[in-house]
Amino acid sequence: MSNIAVLGAGSWGTALAIVLADNGHHIRLWGHREATVKEINECHTNEKYLPGVILPENIYGEASLEKAIEGLDTIILAVPTKAIREVCQSIKLTNGMYTIVHVSKGIEPDTHMRISEMIEEEFGNHSALKDVVVLSGPSHAEEVSQKQPTTVTVSSTNMEEAERIQDLFINDQYFRVYTNSDVVGVEIGGALKNIIALGAGISDGLGYGDNAKAALITRGLAEISRLGCAMGANPLTFSGLTGIGDLIVTCTSVHSRNWRAGNLLGKGQSLQSVLDNMGMVVEGVRTAKAAYQLSSKLGVQMPITEAIYNILFNDVDAKSAVDGLMGRTKTHEMEDLTNILDDRGI
């Protein structure tokens with residue numbers, strides 16, 4: 001059994017700490033709020049993020065980042081995308097070889113970097129950073145903490161290390177883990193599905209039905225595949241857990257922050273009002289800006305993403321944005337997939 005640091009005591013970090021603790025590992029769960037850390041250690045709960053869930057006793061809350069990672073070689077990075085650089089800059093790697101497993105989903109605006117690229121840039125050529133591994137897939141923290149069946153994927157350029165992380169997380173009760181060597185595809189699928197989930201929420205908020213949502217999810221997947229493949233991803237990744245799997249769960253569940261935020265936008269609330277009321281990070285907002293910038297840079301058509309970007313940042317009315325999508329020039333459905341496969345020589 002291993003000693004593992006989980007950095008980020010939000011819902012997803014805490015849920016993954018539970019999985020690892022259930023597997024017999026000893027977990028140091030770092031949080032920047034003293035009250036949360038105290039609650040974890042004294043009450044074995046984290047009511048703000050996972051109400052009603054009792055945490056295993058082999059999860060120890062830690063307020064000191066330095067102490068949380070001291071003497072360990074595996075760090076689970078479970079903070080929002082916007083906090084990745086700040087936390088990495090605070091991590092002081094010492095002697096030893098560290099593997100950082102990031103479990104966040106997003107793209108950085110302006111730099112257009114994936115999270116693994118951000119981590120690698122922050123640590124540069126630091127000899128102590130052994131590998132960066134991505135964990136992603138259709139996984140609501142609420143259901144994982146209740147031990148409901150869940151499947152995810154881990155990805156790395158070093159498959160031996162990906163398999164080691166797979167072994168740390170997998171169990172035969174409720175948490176199954178696959179491996180995938182396509183880091184770009186895994187990260188892009190996990191990030192962009194949040195944009196489409198915002199759209200699904202907007203559609204529901206406007207009162208549209210299942211037909212509209214099914215179309216949005218399907219055409220959203222086409223956009224994700226187009227951009228991902230333009231960035232070098234394997235198109236088959238988007239038919240897996242971190243593509244259509246994550247897309248389905250995020251677009252259809254009330255657990256989804258992005259769906260809930262979109263739903264409020266569709267009902268007429270302003271973006272600032274929605275973000276204020278949510279109380280938690282809505283990753284799709286930042287990612288929509290990054291994806292819009294990136295698609296313009298790469299010349300990739302992403303009409304749904306563009307429409308959501310305009311709703312979020314240009315004060316375009318949601319109903320008008322939908323009307324714009326419906327009124328686009330007619331096209332052939334399969335040309336998207338055909339062009340992708342041709343470009344990749346498949």
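Me: Before we start, "buried" means a residue has under 20% relative accessible area. How much of the protein chain counts as buried?
Reply: Keep in mind that this is a predicted model. The protein chain has 346 residues. With that cut-off, the share of them that counts as buried is 55%.

Me: What radius of gyration does the protein chain have, and how does that fit a compact globule?
Reply: For a chain of 346 residues, a compact globule would come out near 20 Å. The C-alpha atoms here fill a box of roughly 60 × 45 × 35 Å along the principal axes. The chain's own radius of gyration agrees with the globule value, at 20 Å.

Me: How many helices and strands are there?
Reply: Let's just read off the secondary structure. It comes to 16 helices and eight strands.

Me: Which way do strand 7 and strand 8 run, parallel or antiparallel? And what's the hand of the crossover between them?
Reply: Strand 7 (residues 150-155) and strand 8 (residues 175-180) are joined by six bridges, and they run parallel. To get from strand 7 to strand 8, the chain passes through helix 7 (residues 159-169). That makes a β-α-β crossover, and its hand is right-handed.

Me: Which residue in strand 8 is the bridge partner of Val152?
Reply: Strand 7 and strand 8 share six bridges. Look across from Val152 and the partner in strand 8 is Val177.

Me: How many residues of helix 8 are buried?
Reply: Helix 8 is mostly covered. The buried count for helix 8 is 23 of its 23 residues.

Me: Is Asn263 buried or exposed?
Reply: Asn263 lies in helix 11 (residues 257-266). Seven of the ten residues in helix 11 are buried. Asn263's relative accessible area is 10%, and buried means under 20%, so Asn263 is buried.

Me: Which residues is Asn263 in contact with, leaving aside its neighbours within four places in sequence?
Reply: The buried residues of helix 11 pack against several helices, including helix 8. Asn263 is one of those buried residues. Its contacts are Gly201, Ile202, Asp204 and Gly205.

Key
Residues numbered from 1 in each chain as written. Predicted model: local features only at pLDDT ≥ 70, side-chain atom pairs only at ≥ 80, totals over all residues. Heavy atoms only, no water. Buried < 20%, exposed > 50% of the residue type's maximum accessible area, 1.4 Å probe, protein only. Helix = DSSP H or I, 4+ residues; strand = E, 2+ residues; numbered from the N terminus. Contact = heavy atoms within 4.5 Å. Pairing = 2+ DSSP bridges. Right-handed = clockwise from strand over helix to strand, strands pointing away. Rg over C-alpha atoms; globule rule 2.2 N^0.38 Å.
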